Amino acid sequence: MSNIFGNASHDTLNPKQTEAVTLPPSNALILAGAGSGKTRVLVHRIAYLINHYGFSPYSILAVTFTNKAAQEMRHRIENLVGQNLWVGTFHGIAHRLLRMHWEQAHLNENFQVIDSEDQLRLIKRLLKEFNLDEKQTPPKSIQHFINAQKDEGRRADQIIYPNSYSHTRSDRHSDSRFDTETFIQIYKAYEALCEKSHLIDFADLLLKSYELFKFNPDLLTQYQDRFKALLVDEFQDTNRIQYLWLKILAGPKTSLLVVCDDDQSIYGWRGARVGNIAEFQKDFAPVKLIKLEQNYRSTQTILNAANYLIAHNTERLGKTLFSEDKTGNPISLFSAFNELEEAHFIASQIKQAHSQGTYQLQDFAVLYRSNAQSRVLEEALLMAGLNYRVYGGVRFFERSEIKTALAYCRLVFLREDDAAFERIINTPSRAIGEKTQSLIRDEAKLLNISLWAAALNLLKNNQLPGRASLALQNFIYLIEKLDREIQDQALYDQVEHIIKYSGLIDFYQTDDPSKAESRLENLGELVSAARTFMPENSEFDLKPSLQNFLSHAVLESGEGVESNTNQDAVQLMTVHASKGLEFPWVFISGLEEDLFPSRSSTSLVSPDNQSRLEEERRLMYVGMTRAMKNLSLTYAESRRLYGESIRHIPSRFLSEIPKNLIQVIRHKNMIRPAHSA
DNA sequence: GTTAAGGCATTTTTT
DNA sequence: ATGCCTTAAC
C-alpha cells in the first residue's frame, strides 16, 4: 500500500529539495517528477517560512485539488510545525470565503452547494420550460457548456459569440444543431434559477469567489495583505478560473510557489490547462525554476522505460527521472489471446508471487484504462481465490438514498431549495404526480418564486383538484412539522429525526427488496456520520450545524467503497485513479490500440489530435511510475467489447519502450479460457 | 401509479 | 452485453 509519508524514511532533503525549501520568499515553479517528494517539499517549505522567516501560519495559504491531498498535507504540517493553518481545496477555500462574505458576494446567508446531479436536474427542468426536446438539446451538453464557461471565468453575458468555448473541451456537441444563442439563454435562466433557489454549483464556487475579490477591492486588499505565501499543489491541473483566482489573490507582497509535473497532466479533458504553467512564468516573473528529478520510488529500469516513453511527447518542459536504486527486474510483457486469458494471467502471477511470501495482496495494483475492463479481472481474481478491492464506485454521499435523505434535510433547512424540493416532493410516492408538479412549476415560473412558495400559493387559492391538494397539504405539513421538531436539537438528533419521520425507512424497506438492506444500513451510517461530524479548521469557529454538515456532504463526498478497507486485497483501479499512489508491483492491462491509447485520442479528425494522444501517453507514464519494484504490461489480441469481439493490435506505447528493458513472457502451458456467450 | 418494452451510448473524474 | 432512461401500456 502506498505510504502516506511518501519518502519520509529519508531524513534529509536532497540538494534540489533543499534549494526549493530554502528559497527566499519569491515566486517559484517547482517541476516535481513522479515520486520526487513534492508533498514533502511543500510541507517543509511551509515549516521553513514559519521557522526561518518568521511567517505567521495565519499568513500562509496552501491549495490542493482533492480533499485527500488537503487532509494529508494538513496532517503532515501539524506533525512538523504543530500549527493549524489554512489548507484546503480550491473549492473548499472558495466555499469558506463565500460563507464568510456572503453579503458582499450577493448570496443568501443560507446558500447551499449543489453537485452535478442536482445541477443536471435543474437543467432538465429548464429545458421543459423552454419547450426543448431532450433529444435535440441533450441536458448533458448544456451542463457541459455551462460548466466549461464558468471554468473559463465567463458569465452568460460575457460569452464571446459564437463558439468561443469550442477550443477548451471536446466539441462533440457544438455542431450546428445546437445553437449557441439557445445555450446562452439557458445558461442565463440557469443562473437566475440558482440565484432564486440560493443554490451554487461547483464551478460557481470559484467564479463567485473570484468575483467577490474583483468587485470588492477593499476585501481583496485585506486578503492580499494577509497572505504572504501562497502554495499550490498539482498546478498542472488548474483550469482558467482557478488561475485567475490565484492571480487576483496574489498581491504585490505575496510570494507564490507552485508545484507541478507537466508530464502528469491527465485532466485536460475536464478543463485543466497546462498552459497555465507558461502563463505563470510570464505573469509572475521572475519565477525561480527548480526541477526535482530524483525519484525515491521506482527502480532505474522502470524509470528508464518511463523516461523513454514520455520523451515521445513534444509539448514538454523537459525532465528526466533518475534513481539511486539498483537496476531492478526487467519489465515483463505478456500477450494474451483474449481478455479472459489476460485476466487469468494476471491473477496467476499474483497468486504465485503472493504464495512465495514476499508480497502481500495489497502490494499489487492492477490498472486499466476504462472501468469496463474491471469485470473480467474481478472474475479471474475471484476464481483464483484472491481478495481484491475495486476503487471508484458511487461514493457515500452520492448514493441515491443518502441524497434523498439529505434533500429532506435541505428542504427543512431552506424552503427555497428547489433542487431538494423536486427530489423529494414525491419520494416516497404520496400521490403528487407529474400533473401537479407541473402546475407547481408553472406557478413558480409565473410569479418568479420558489417551488415551495408556489405550492403554498396554489393551495391558498384553491387551484388544485381535491386529491392533489390534500396530498400537497400533507407534504407541506410534514416538512414544517419536521422543522418545528428539530429546533434546538443537536445535529445528529436532527438528521436521525428527519430520516425517521420522513417515511424514507418504510419506503426503502419495501421499494426494492434486493437493495433494502444496504440502503437502510447506509441511512444508519448517515446518522453516524452526523454524530461524528466536526468541521475542520478551527480559525472560523465552525460548529457541527446542519448547514455545515450539508456543505460537507457535497464538497467532501468521501471514499467510494468503504467495505473491507482493512482487509489485505489486490487493488483494482483506472490509471487515472492511481495518480499519486504507489505499489510494489503494478500491472497495466489492456495495452491495445483503440483502448490505450483510447480510440477517441487517435481516430478523431481534429486539430486537437496530437495533444489528445500526448495526454494518453502521459497517462501511461503515470501508470508506469506507480510501480516500485515490478511492472508488468499486458494486452489481448482480441477483446470482447460492447457485445462483440474485436481484434486489437498492441499499443504503440509498448514499442516506445526500449526492447532491452522488456522481458517477454511466453505462454506456458496455460489453459486458454474459452469465450462464453 | 406501477411495470414492461424499446432506444441508446459506452474513456478518464473531482469538487 | 449491459445498464440507464424515456415512453407506452396496464
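In the predicted model, the axes of helix 15 (residues 400-413) and helix 23 (residues 546-555) come within 11 Å and cross at roughly 140°. Helices (H or I, at least four residues) and strands (E, at least two) are DSSP runs numbered from the N terminus; axes are lines fitted to C-alpha atoms, for helices over the stretch in contact, with angles from 0 to 180 degrees between N-to-C directions. Helix 15 is therefore oblique to helix 23, a term for angles that are not under 35 degrees (roughly parallel), over 145 (roughly antiparallel) or 65 to 115 (roughly perpendicular). In this pair, Leu406, Cys409, Arg410 and Phe413 of helix 15 meet Leu546, Gln547, Phe549, Leu550 and Ala553 of helix 23, where contact means heavy atoms within 4.5 Å.

An open sheet of 6 strands is also present, with parallel pairing and the order 3-2-6-7-1-8; two strands pair if DSSP finds at least two bridges between them. Strand 3 (86-89) and strand 8 (288-292) stand at the edges with a single partner strand each, so one side of each has no neighbour in the sheet. The twist averages 15° from one strand to the next. Strand 1 (residues 28-32) is joined to strand 8 by 5 bridges, the two running parallel, and Ala32 stands opposite Leu292 in strand 8.

Helix 11 (residues 275-283) lies across strand 1 and strand 7 (255-260), at about 150° to strand 1.

Residues are numbered from 1 along each chain as its sequence is written. Local features need pLDDT of at least 70, and side-chain atom pairs count only at pLDDT 80 or more.

Notes:
Chains lettered and ligands numbered in written order. Heavy atoms only, no water.
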